[in-house]
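Subject: Handover of a structure and summary of findings

Dear colleague,

Please find the structure below, together with its sequence.

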Amino acid sequence: MIERRAFLIQCAASAVATSAIGRLAAQTLRHDPFLLGVASGSPSVDGMVLWTRLLAAALGEPLPSVPIEVRWELASDPQFKQIIKTGTEFAKPDFAHSVHVEVGGLEPSSPSFKPAFYWYRFIAGDVISPVGRTRTLPHLESRVPLTLALASCQNYEHGYFSAYRHMATEDVDVVVFVGDYIYEYGMTPNRTRQHNSPTAHTLDAYRARYALYKSDADLQVAHAAFPWIVTWDDHELENDYANDRSASDRGEQFLRKRAAAYRAYWEHMPLRKTQLPVGELAQMYRRYAWGQTANLHMLDARQYRDYQVCTPADQGGSRTITDQNCPERLSRSSSLLGLQQEAWLARSMAQSQTRFNIVGQASIMAQMRMPANRSADTTTADSFWNDSWDGYPLARQRTLEQWAQKKNVISLGGDVHATYISNLVSNFDDPKSPALATEIVGTSITSPSWPQVATERIMSFNPHMKFGKSDQRGYTVVRIHEKLATVTPRVIDNARIRESTLSTAAQFVIESTRPGIQQA
C-alpha cells in the first residue's frame, strides 16, 4: 500500500509538471503555430475528431521538444458566443505535436437541429487557430439526406489544389477521401510545384511531406469546411505496394518504412486514437451510419491484400498482364481486401438495413479490358492491370455476389486519375449481363491521366462503363435521398492554374431498389 501510494503521488506530480511545462511552452510561442490549419473527421452520432498540428515558424524556429498545452472550443455559432464544449489536450513531440480531440455528448444531425454544423477552434498560448466547421452523424432512425464529395489523388507537383476551393462552396455534409493524400516521390524539375525533399523513407520525411501538402490554403479551406472520412491507397507509403512487399524495399526494411508512413498518416488525419498504428499495423476499415439513408463502409485496399498476380517476387509492384501470359489471374483465389476484412464487409452489409450502402475504397472495381497499346488503332483488348480488382477477379466475384443481395450498393473509388461511372455486373465479358451494383470512380484533384481519346477507346471495349473522363481534374458530388441518388462529376479547367474555373461534366441517377446507373 505504501509503494502504491508513493507511485500515485509520483504520477500526480508528473502530471502537474507536464501541465506546467506545457503551459509554459505555449506561452513562449512567438509565432502562429497553426500553419497547417484545422480539420475534423471520423464523425459519430454524438461527436467527431477535431485535429490540428503545431508547427514551427516559417523561418525555422524549432518547437520545444516537450508537450504543449492546447485548448479547444466547440460552439453552436461561428462567433463562439454559444460555446458548448471546451477542453485541453497536449500536443506531444512524439506525435509531431499533433492534436486529436475526440468530442462526444453532442446532438445528432437532424432536420430539427439548428444549426446543422458546429464550429471549433484551438488556442495555444495567446494564438487562436483558424475556425473549422463540422457536424455529427444523424440519429440512427432518421431519414436525413446525405451529400458527400468524393476526392482522391492530389500530387502536389502536378498542380494546384484549386478544386478544393470550389468544393468548400458546395452544399456538402462530408468529404470522402479514398487515397493518395500525399505522393512519396522526390523532387521533379519543371513541374507546376515542387516537393520539398527526396523520396520519403523515414518518419521525419513523411511528416515533412504532409506538412507541405497541408500548408496549401485551398486544402485547408476544404478541411475547415467539412468533416472528412478517409482511407489510404499506396502513395501514402509507396507506389503499388501490396501488404508487406514493395518494388524497392524488402523484409524488415520495408516494414520499418510502413510503420513510419502509417504513423505519419495518423498524425495528420482526423482519426480516432483507437486507429493509432501499432508498429507497422493499423486498423482502418470502419462503418459510418447516416441514419436510415446510407451506411458508408470504408475499406483498406493495401494493408491486407495478397501480392499482385504474376509480379515477380523479387520485384514487387504492378504489371499489365494478359490471360495468355498470366493464366493464374483467373484461377488464383487471392484477396484484395484480405479474408478478415472481406468477412467484416460481408457481415456489415448483411446487417445493414439502410436505403443505400456506400463502399469507399481506393481502386477501380469494374473490369477495364485494355489494348496492349492504347495509342494503336486495334480492335482487340486483352490486357489487364494487376494492381486493381482486375488482378483479383475471383475476389471481386465473391464480393459482387454478396452485394447483389442488397440491390442498393454504390462503390466509390479513385486511383486511376479519371472519372469512370460503371455498372458492376455479374459477367463483364457479356454486354447483356445485368447490373449488380454501381461504381463511381472519381477523377483526381491534380494527378494526371491519359488523353481523353484513350479513355473513349477503353470504354468501347468495356460496355459496362457508361461514362469516362480523363482529361480534367476535380471531384464528384453524390447526393443520396431516400429513394434516389444523383451523381455529379465536377471538373476544373486546368489544375496548373490556381484560379481555374469549375464546371459540371455530367449528371446521373441511381435508384435505391434497382442497381445500375442512368443518365439524368
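A nonpolar core is a set of buried Ala, Val, Leu, Ile, Met, Phe, Trp, Tyr and Cys residues whose side-chain atoms lie within 4.5 Å and so join them together. Please bear in mind throughout that this is a predicted model.

The cores

With that term in hand, the largest nonpolar core has 46 residues. The residues with the most contacts inside this core are Tyr164, Met167, Tyr181, Tyr206, Trp228 and Tyr265. Several elements give two or more residues to this core, among them strand E9 (146-151), helix H2 (162-167), strand E11 (227-230) and strand E21. The largest share, 7 residues, comes from helix H5, which spans 251-268. A second, separate core has 29 residues, including Tyr288, Phe467, Ala485 and Ile517.

The strands concerned, E1 and E11, pair in the parallel sense over 2 bridges.

Strand E1 (residues 38-44) is mostly covered, with 7 of its 7 residues buried. E1 also runs antiparallel to strand E2 (residues 47-53), to which 5 bridges join it. A hairpin of 2 residues connects E1 to E2, and Gly41 stands opposite Val49 in E2.

Thr476

Thr476 belongs to strand E21 (residues 474-480). Is Thr476 buried or exposed? Its relative accessible area is 0%, so Thr476 is buried. Leaving aside neighbours within four places in sequence, Thr476 is in contact with Leu148, Ala149, Leu150, Ile440, Gly442, Val487, Thr488, Pro489 and Arg490.

The disulfide and the cysteines

A disulfide is a covalent bond between the sulfur atoms of two cysteines. How many disulfides does a search of the whole structure find? The search finds 1. Cys310 and Cys326 form this disulfide, with their sulfur atoms 1.9 Å apart. The pair links distant parts of the chain, the two cysteines being 16 residues apart. Cys310 lies in the loop between strand E13 (294-298) and strand E14 (320-322), whereas Cys326 lies in the loop between E14 and helix H6 (339-351). Because the torsion about the S-S bond of Cys310 and Cys326 is about 90°, the disulfide is right-handed.

Cys310 has 29% relative accessibility, and therefore counts as partly exposed. Cys326 has a relative accessible area of 0%, so Cys326 is buried. Cys153, with a relative accessible area of 1%, is buried.

Aromatic rings

The structure holds 19 aromatic pairs. One of these is edge-to-face and is formed by Tyr120 and Phe122, at 6.3 Å centre to centre with 80° between the planes. Both Tyr120 and Phe122 are buried. Ring pairs also link a cluster that includes Tyr164, Phe177, Tyr181, Trp228 and Tyr265.

Two arginines lie over ring faces: Arg121 over that of Phe80, at 4.0 Å from the ring centre, and Arg245 over that of Tyr307, at 4.1 Å from the ring centre.

Yours sincerely

Technical notes: Residues are numbered from 1 along each chain as its sequence is written. This is a predicted model: local features need pLDDT of at least 70, side-chain atom pairs count only at pLDDT 80 or more; totals for chains, interfaces and linings use all residues. Side-chain values use heavy atoms; hydrogens and water are left out. A disulfide is a pair of cysteine sulfur atoms within 2.5 Å. Helices (H or I, at least four residues) and strands (E, at least two) are DSSP runs, numbered from the N terminus. Buried means under 20% relative accessible area, exposed over 50%, partly exposed in between (1.4 Å probe, protein chains only). Contact means heavy atoms within 4.5 Å. Two strands pair if DSSP finds at least two bridges between them. Rings of Phe, Tyr and Trp (its six-membered ring) pair if their centres lie within 6.5 Å; planes under 30 degrees apart count as stacked, over 60 as edge-to-face and the rest as tilted. A charge sits over a ring if NZ of Lys or CZ of Arg is within 6 Å of the ring centre and within 35 degrees of the ring normal.
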